[in-house]
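Me: I would like to learn how to read a protein structure. Could you take me through one, feature by feature?

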Amino acid sequence: MGDYSGDRHDKYNMKIIRLAAIAALLLPGSAFSFDSTELEAPNADVYLELQGLSSDFGDYGGEREPGFRARLGLDMHDARLGNWNWRFEGALTQLGKSSFDTQLTRINFPSPGDTQTETTSTTTRVHGFEVGMRLYDNELFYVRAGGFLYSQKTSSETLITIVSATPPSPAPFTRSTSDSETGIAPYAGAGIEYPIFDSSTKLLLEYDFFSVDDADIPSLAAGVQFTF
């Protein structure tokens, strides 16, 4: 019995030694081996765009107003829709600042025979961040859409002048109000890219449509794109 149990013990030890030897051979190989494709850089380019804007603030009582946009994007060459390339992009956008004046005259106010005139200057500024996608046909044309995280700031200053029926009239005075609103608005647009020297530097011409707080803001943009 002693010899039999000793043989079993020796065989068990030999199995342990063999397993340890196999592990010693395999583990270093698996630890240091790698698929070179896992470390390959993604097939994508980064681009920067700087644009000047002209936005229509007609829904705010204004006219066409200047603005600007700084956009950073990623051109993903392996993400395709037919012959079109997908791009992911974000931008800091100042659509513009609109100002307009209104005047209201009240007769027999605040007292019979008095005349009160209110001249109000209203300023609305809309800016925020764009986050969206773009489809580029790899030649000239692109379309884009996404969400606009906007901040809309409106301030009003009203000059009140009273002409009293019984002099002297009170001195004019000013009343000021301000309001700020934030939200997410959809946008959609289209544009063209035209190479200047090569594909790394292009001129841009773009049209976008923003729907901000029940107001429509069409916007034209022109600028330059740098690809890295």
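Reply: What follows goes from the overall fold to salt bridges and then to a surface patch. The model is predicted.

Me: How many salt bridges does a search of the whole structure find?

Reply: A salt bridge here needs a side-chain nitrogen of Lys or Arg within 4 Å of a carboxyl oxygen of Asp or Glu. The search finds 18. One of them joins Arg69 and Asp208, with 3.4 Å from N to O. Arg69 belongs to strand β2 and Asp208 to strand β7, so the pair ties together parts 139 residues apart in sequence.

Me: Are Arg69 and Asp208 buried or exposed?

Reply: Compare the relative accessible area with the cut-off: buried means under 20%. Arg69 has 1% and counts as buried; Asp208, at 0%, is buried too.

Me: Which residue forms a salt bridge with Arg134?

Reply: Glu193 does, and the closest N and O atoms are 2.9 Å apart. Arg134 lies in strand β4 and Glu193 in strand β6, so this bridge ties together parts 59 residues apart in sequence. Arg134 is buried at 0%, and Glu193 is buried at 0%.

Me: Which residues form the negative surface patch?

Reply: Asp and Glu count as negative. The patch consists of Asp59, Asp213, Asp214 and Asp216. Asp214 sits in the loop between β7 and β8. Its relative accessible area is 79%, so Asp214 is exposed.

Conventions:
Residues are numbered from 1 along each chain as its sequence is written. This is a predicted model: local features need pLDDT of at least 70, side-chain atom pairs count only at pLDDT 80 or more; totals for chains, interfaces and linings use all residues. Side-chain values use heavy atoms; hydrogens and water are left out. Patches are made of residues with over 30% relative accessible area and no salt bridge: like charges are joined within 9 Å, nonpolar side chains (Val, Leu, Ile, Met, Phe, Trp, Tyr) within 5 Å. Accessible areas come from the Shrake-Rupley method with a 1.4 Å probe; for residues, only the protein chains shown count as cover. The place of a charge is taken as NZ of Lys, CZ of Arg, CG of Asp or CD of Glu. Helices (H or I, at least four residues) and strands (E, at least two) are DSSP runs, numbered from the N terminus. Buried means under 20% relative accessible area, exposed over 50%, partly exposed in between (1.4 Å probe, protein chains only).
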